[in-house]
Amino acid sequence: MQLHYSPFILWNLQISEWSIADITVFLLQILDPAYVIFLITIGGFFGSVAKRDGRNEKIKILLGISTAFIAVPFTASFVKLDYSSLQLSMLGQDIDNGTKLVFSKFIEHSLMLISISGLSSYIGSAMLDNLASKVIQQDLEKVKQDVDDENKKMTREVDRLKAKMNFMRLNNLKEDSSEAKECCDDAIKILAKYNNPSQDYELMVLRGCFLKRLKRYQDALDILKRLNEYRKTPVVTYNIACYEFLLSKEKSSVDIDKIKKMILESIKQPCTGADKEVQDRMRLKIINNTDPDLKDLFNEEERKTIGDNA
């Protein structure tokens with residue numbers, strides 16, 4: 001009769017045949033990876049506590065140990081750490097030149113792994129801290145930049161409204177009155193800091209208008225010519241023509257044909273949106289001869305022709 005034994009019984013029978021030495025080696029083999037983990041943990045702990053900072057100690061230690069486990073495989077490849085010399089199961093066996101050499105290697109490589117783990121923890125934590133600081137710094141700088149941009153937008157809008165109010169107020173003041181001069185000076189002072197055509201186009205046009213009102217025609221022209229170089233619009237072309245006309249009358253050297261050509265260019269220039277609305281108002285001023293700065297520049301027949309071609 002053939003007997004059949006379960007795998008569990010067979011395993012027990014095999015175990016019963018092991019000697020104490022075999023069982024010891026078996027247990028040590030199980031402990032081999034645990035020993036390596038233990039050494040890395042010890043090294044990571046030492047590396048984390050070596051770096052003094054104001055962080056929570058538990059978090060610092062956990063971060064240091066975690067960094068050691070991440071960095072040790074990479075670092076160990078450079079120093080040629082021999083993991084086989086860290087096996088507890090190899091102790092007492094005759095390898096190479098005997099037990100003494102194996103034991104010395106075991107101690108040497110154990111201390112080496114602790115050292116590598118500590119250095120990896122210390123350096124890795126410092127690198128992570130530096131990286132985190134840079135990320136936080138970048139975020140803070142971005143937030144600060146966003147806040148600064150918003151503040152600039154708000155300041156620009158407030159200044160624009162102040163200048164517009166001064167411009168409307170001028171319509172109710174006598175041209176050469178002290179109140180009108182004070183109103184223009186105040187607006188020019190507000191708008192003086194806006195000199196970037198790509199961002200401050202409208203504000204620079206407004207400043208030119210206030211300078212013209214003070215009869216500072218050349219200063220107004222200098223601003224508008226900068227704007228015209230950046231982007232041509234009907235209102236800038238029209239105002240340049242107007243200011244050049246006023247300036248040339250002061251110098252008694254008016255080039256009427258040149259001024260007319262510029263005015264016609266401004267009211268025919270292709271445009272859309274707000275520029276188109278302004279252009280239509282400028283055209284009506286010419287047709288109806290209601291612009292005081294360009295009064296009678298065009299004769300009646302020329303104005304009729306401009307109206308017919310509108």
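Which residues of α8 meet which residues of α9? In this predicted model, where local features need pLDDT of at least 70, side-chain atom pairs count only at pLDDT 80 or more, and totals for chains, interfaces and linings use all residues, the answer begins with P234, T237, Y238, I240, A241, E244 and F245 in α8, which meet I256, K258, I259, M262, I263, E265 and S266 in α9. Residues are numbered from 1 along each chain as its sequence is written, and side-chain values use heavy atoms, with hydrogens and water left out. Contact means heavy atoms within 4.5 Å. Helices are DSSP runs (H or I, at least four residues), numbered from the N terminus.

Two packed helices are described by the angle between their axes and the distance between the axes. Axes are lines fitted to C-alpha atoms, for helices over the stretch in contact, and angles run from 0 to 180 degrees between N-to-C directions. Helix α8 (residues 234-250) and helix α9 (residues 256-268) pack at about 165°, with axes 8 Å apart. This angle makes α8 roughly antiparallel to α9, a term for angles over 145 degrees. Their crossing is left-handed, that is, the near helix is turned anticlockwise from the far one by less than a right angle. By class, the contact of α8 with α9 has nine nonpolar, two polar and three charged residues. Here Ala, Val, Leu, Ile, Met, Phe, Trp, Tyr, Cys and Pro count as nonpolar, Asp, Glu, Lys and Arg as charged, and the others, Gly among them, as polar.

Helix α8 also packs with helix α7 (residues 217-230): their axes come within 9 Å and cross at roughly 150°. The two are therefore roughly antiparallel to each other, and α7 passes α8 in a left-handed crossing. Among the residues in this contact are L221 and L224 of α7, and I240 and L247 of α8. The contact of α7 with α8 comprises 10 nonpolar, four polar and three charged residues.

Another helix pair is formed by α5 (residues 178-191) and α6 (residues 197-213), which pack at an angle of about 150° with their axes 9 Å apart. That makes α5 roughly antiparallel to α6, and the crossing of α5 and α6 is left-handed. From α5 the contact draws on C184, A187, I188 and L191, and from α6 on L203, L206, R207, F210, L211 and R213. Eight of these residues are nonpolar, none is polar and two are charged.

A pocket is an open set of points on a 1 Å grid over the protein atoms alone, with protein on both sides within 12 Å along at least five of seven lines; a cavity is a set where a 1.4 Å probe fits but cannot get out, and lining residues have an atom within 4 Å of a point. Grid points are joined across faces, edges and corners, and a volume is the space filled by probe spheres set on the points. The largest pocket holds about 1,200 Å³ of space. Of its 34 lining residues, F167, C209, V235, N239 and K285 are the closest to its centre. The elements giving two or more residues to this lining are α4 (99-170), α6, α8 and α10 (273-288). The lining divides into 17 nonpolar, four polar and 13 charged residues.

The structure holds one cavity of 30 Å³ or more. K285, I286, N289, D291, L294, F298 and R303 line the largest cavity, and these divide into three nonpolar, one polar and three charged.

Conventions:
Parallel < 35°, antiparallel > 145°, perpendicular 65-115°, else oblique.
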